[in-house]
Amino acid sequence: MIPVTHMHGKSVLVLGLGGSGLATAEALKAGGANVLAFDDNEAQVARAGDAGIDCADLRDVDFDGFEALVLSPGIPLTHPEPHWSVKKAQAAGVSVIGDVELFNRERLSVAPDCPFIAITGTNGKSTTTALLSHMLSVAGYDVQMGGNIGRAVLTLDPLSNDKCYVVECSSYQIDLAPSLKPSIGVHLNISPDHIDRHGTVEHYADVKARLVLGADHAVVGVDDALSAKIANQCDANDVSLTRVSLSGDASVSACGREIFNGHTAVANVADITSLRGAHNLQNAAIAYAVCHKMGLDDAAIQKGLKSFGGLPHRLEQVAERDGIFFVNDSKATNADAAAKALASFDKIYWILGGLPKDGGIESLNEFFPKIVHAFLIGEAAEAFSEALTGKVPYSVSKTLEVATRDAVAMSTARSIEVNETVAVLLAPACASWDQFSSFEARGDAFKSHVKLELN
């Protein structure tokens, strides 16, 4: 745990007592703050009480005299409208922040010289966070990885200048971190997502931009227009910057399966199956740029890339039989993320569907010629069948179990051409919550179904 000592003796409100919320309350208390917390879930309140956290319904609490309201990132800050607690805090002049902001302030107070690498982007941030953490660990750093991936940021080991903190940040977390100042800020890409929480894609991009605009050094992927604009903002604000591109001139670029620093080839991911696809080439190029800035030589960087095992639920190779790859990309919860997976194989038996997001799958038309057959599940099945009719053969499987069974049977009954990559691919382009508690639960179910069908 990281005790939040800069709040010692101050009164702090915490709203939301899920995993990160309870960890925040405990870290504040460990640092000497006077904490008052609440959650609409009675079980969460009881769990916090058992941990020694004082709780009360914040609707009945006078916010005057409190230093801050620490908000769970799942609670609306601005859209579709500010949460009642936010309005109440603003009326009392109380700042509204999140756990990443507390981590940021504590780092500047306690260990300002420790590397703090913060990563954001619509797609690829979890893979890039895990890849960077792995590469730096292989190079000998004591890496603490958390934030929007794995461990809540305040549950990481106590801050010290001999540790390196690699933190994935969602747009919600950035919105609640007004003074965010990483030593290296990483922005990968922008595509429309979470518009219900940010109002417009432009505001969503503005929130993402804050992470790199506050950094000592920024690493920015510039292959989409909004991200290129963010890079230009860095220039305009005199932020030290490394541009990374797959499609044009940049400080670090990638072509084929090679990464270039300037015009010099410095790394290769051709035989690294955990970094399959153009999107992972971008992730690797971004990771190269960060590690190069951290002082790693090219040999150390290549060693880290080559030994990376991949991220669960993100183009995770579950099995391979007779040249057919069975791939779990359950984390592809929107069309743009699914596009990255679809671009990675030549022929695809595609399992998709779930709780639909705005935009559907119309943007994926260019990949339809690759689809041998689609298997539709969840609430999106009806809408997706309309989008695929006349373009892609499909079945309405309804459940993941049926879809996996039929995809395995159909794929293994057909011959494969030489040098053709064929996949049974779970890339839902949807949220999981209609049938599963999380994308992780959905991915784990797919892996179990594949194992059962192949045995």
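Visitor: Before we start, what counts as buried here?
Guide: Buried means under 20% relative accessible area. Keep in mind that this is a predicted model.

Visitor: OK, cysteines. Is Cys 430 buried or exposed?
Guide: Cys 430 is buried, because its relative accessibility is 0%. Cys 255 is exposed, at 55% relative accessible area.

Visitor: And how many disulfides?
Guide: The count is 0.

Visitor: Switching to rings. How many aromatic pairs does the structure hold?
Guide: It holds 2. One of them is Phe 103 with Phe 116, edge-to-face, 5.0 Å centre to centre and 75° between the planes.

Visitor: Where do Phe 103 and Phe 116 lie?
Guide: Phe 103 is in helix α4 and Phe 116 in strand β6, so the pair ties together parts 13 residues apart in sequence. Phe 103 is buried at 0%. Phe 116 is buried at 0% too.

Visitor: Which ring pairs with Phe 103 in a tilted way?
Guide: Tyr 165. The centres are 5.6 Å apart and the planes at 55°. Tyr 165 lies in strand β8, so this pair links parts 62 residues apart in sequence. Phe 103, Phe 116 and Tyr 165 form one aromatic cluster.

Visitor: What sits over the ring of Phe 325?
Guide: The charged end of Arg 276, 4.7 Å from the ring centre.

Visitor: Now strands. In what sense do β1 and β4 pair?
Guide: Parallel, over 4 bridges. Leu 15 stands opposite Leu 71 in β4.

Visitor: What about β4 and β5?
Guide: They pair in the parallel sense over 3 bridges. The chain crosses from β4 through helix α3 to β5, and this β-α-β crossover is right-handed.

Technical notes: Residues numbered from 1 in each chain as written. Predicted model: local features only at pLDDT ≥ 70, side-chain atom pairs only at ≥ 80, totals over all residues. Heavy atoms only, no water. Pairing = 2+ DSSP bridges. Helix = DSSP H or I, 4+ residues; strand = E, 2+ residues; numbered from the N terminus. Right-handed = clockwise from strand over helix to strand, strands pointing away. Disulfide = S-S within 2.5 Å. Buried < 20%, exposed > 50% of the residue type's maximum accessible area, 1.4 Å probe, protein only. Phe/Tyr/Trp six-rings, centres within 6.5 Å; stacked < 30°, edge-to-face > 60°. Lys NZ or Arg CZ within 6 Å of the ring centre and 35° of its normal.
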